[in-house]
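Keep the sequence and the 3D view beside you as you read.

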Amino acid sequence: MAAWCRPLGLLAVAAVAACSSAPPAGPTAGRAIPLPAQAAVASPSLPAIKVGIALGGGAAKGFAHIGVIKILEANGFTPDVVAGTSAGSVVGALYASGMDAFELQEKAVALDEARIRDLQLSSGGLLLGQKLQDFVNEQVRSQSLERLARPFAAVATRLEDGERTVFARGNTGQAVRASSSVPGVFQPVPIGKHHFVDGGLVSPVPVDAARQLGADVVVAVDISSKARGQTPSGMLGTIGQSIAIMGQKLGQAELSRADVIVRPQVLDIGGADFSQRASAILEGEKAALAAIPRLRERIAQLQAARHQADRLAKQRAAEAQHQACLEQRSRLQRLAGLAGLDGACPAPAPG
């Protein structure tokens, strides 16, 4: 008899708790319990995947960057952030200023080499580099790096100690000039207390700089010369290959941190051969087109991972809210819950 009375007693208490016209002070069974503010965790909408492009150095081969950007834009993958080394910093700065790929191509076709070459024989180099600085500043309408339409960084090498330096603020043309100052060709660029030379010595393809700018996915464009067992022709060829050899292993390590690597077939284009600019742009387009499936796949992977993380976060928040609700119940509600008559704290749906 006693065994029957115990559950009947619980039911009676539950019925009183659920149906009483004069409920006790505080929350009652069947009524939603307000949750503490800290338990209500709202999940913001997921941010878009931010695409960054890292444009490597390679002198006249750098026209290939324009073709890569054209294909990325045409396929809906317009870069959100841009990082550039040497020739890549020239294209990158103009692109970050707000130009699209077709405007870049128009500028490239119309470019007169005399506008960026200022011969000045010196122990530091053949070219001063002031014309390049002035050209870039003219194209970006004298905007400083931090005021460009897209986040942009130019990578240079500090001559005094070989330190990699990322310029993301200040004079845009000066930063590009520093990043592009090939030792022996351009004179080192004085900025503050230091002098700077070509960024290809420490970061041939600036993947890490693009990450620093906030890129989730980095497309690295590698146009650097490779030692192929052949003697380079001319002084510029020798200097270019020497820099490529010095930065080759370092560059491989940084490239491994990219999500997608694009390698236009421009090895046969000379570093000073501006007559091949159309061919370089075309090779950039072809290489980028081949990389689009990999880029699409990588972005899909990141989106799936974010959705999974968001789902788990929402599930944990719901479980925390449910637990907080249970802890706030009155004694009568807890008794009602034992009898299955308390609907104030519904269990969260499984994720």
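## A charged pair on one helix

Lys286 and Glu283 join their side chains in a salt bridge, with N and O 3.3 Å apart. The model you are looking at is predicted. Find helix H9 to see this pair: Lys286 and Glu283 both belong to it and sit three residues apart, about one turn of the helix.

## Salt bridges across the chain

Side chains of opposite charge can pair when their charged atoms come close. How many salt bridges does the structure hold? There are 12 salt bridges in the structure. One of them brings together the side chains of Glu285 and Lys70, at 2.7 Å from N to O. Because Glu285 is in helix H9 (residues 277-328) and Lys70 is in helix H2 (residues 64-74), this pair ties together parts that are 215 residues apart in sequence. Are Glu285 and Lys70 buried or exposed? Both Glu285 and Lys70 are buried.

Another salt bridge links Asp216 with Arg306, whose closest N and O atoms are 3.1 Å apart. Asp216 sits in the loop between helix H7 (207-212) and strand S10 (217-221), while Arg306 is in helix H9, so this pair ties together parts 90 residues apart in sequence. Asp216 counts as partly exposed, at 24% relative accessibility. Arg306 is also at 24% and counts as partly exposed. Salt bridges can form networks too: Arg211, Asp259 and Arg298 are linked in this way.

## A closer look at helix H2

Let's return to H2, the helix that holds Lys70. This helix is mostly covered, with nine of its 11 residues buried. Among the buried residues of H2 are Ala64, His65, Ile66 and Leu72. Just past the end of H2, look for Gly76, which takes a positive phi of about 80°.

## Rings that meet

Now turn to the aromatic side chains. How many aromatic pairs are there? The count comes to two. In one of them, the ring centres of Phe63 and Phe274 are 5.6 Å apart and the planes lie at 80°, so the pair is edge-to-face. Phe63 is in the loop between strand S1 (51-55) and H2, and Phe274 is in the loop between strand S11 (260-262) and H9; the pair links distant parts of the chain, 211 residues apart. Phe63 is buried at 10% relative accessibility, and Phe274 is buried with a relative accessible area of 10%.

Phe167 and Phe196 also form an edge-to-face aromatic pair, with 5.2 Å from centre to centre and 75° between the planes. Phe167 belongs to strand S6 (residues 164-167) and Phe196 to strand S9 (residues 194-198), so the pair ties together parts that are 29 residues apart in sequence. Phe167 counts as buried at 12% relative accessibility, and Phe196 counts as buried at 5%.

A ring can also meet a charge. Arg150 has its charged end over the ring of Tyr95, 4.2 Å from the ring centre.

Strands of a sheet pair through backbone hydrogen bonds, either parallel or antiparallel. Here, three strands make an open sheet in the order S3-S4-S7, with mixed pairing. Strand S3 (119-122) and strand S7 (184-186) are the edge strands, each pairing on one side only. From one strand to the next, the twist averages 25°.

Strand S4 (residues 125-127) and S7 run parallel and are joined by two bridges. Gly125 has Gly184 in S7 as its bridge partner.

## What the record lists

Which residues does UniProt list for "active site"? The unreviewed UniProt entry lists Ser86 and Asp198. These residues are spread over 113 residues of sequence, yet they cluster in space, with a largest C-alpha distance of 6.0 Å.

Where is Ser86? Ser86 lies in the loop between strand S2 (81-85) and helix H3 (87-96). At 7% relative accessibility, Ser86 counts as buried.

Terms used:
Residues are numbered from 1 along each chain as its sequence is written. This is a predicted model: local features need pLDDT of at least 70, side-chain atom pairs count only at pLDDT 80 or more; totals for chains, interfaces and linings use all residues. Side-chain values use heavy atoms; hydrogens and water are left out. A salt bridge is a side-chain nitrogen of Lys or Arg within 4 Å of a carboxyl oxygen of Asp or Glu. Helices (H or I, at least four residues) and strands (E, at least two) are DSSP runs, numbered from the N terminus. Buried means under 20% relative accessible area, exposed over 50%, partly exposed in between (1.4 Å probe, protein chains only). Rings of Phe, Tyr and Trp (its six-membered ring) pair if their centres lie within 6.5 Å; planes under 30 degrees apart count as stacked, over 60 as edge-to-face and the rest as tilted. A charge sits over a ring if NZ of Lys or CZ of Arg is within 6 Å of the ring centre and within 35 degrees of the ring normal. Two strands pair if DSSP finds at least two bridges between them. Axes are lines fitted to C-alpha atoms, for helices over the stretch in contact, and angles run from 0 to 180 degrees between N-to-C directions. UniProt positions are given in the numbering used here, feature names are shortened, and annotations may be inferred rather than shown by experiment.
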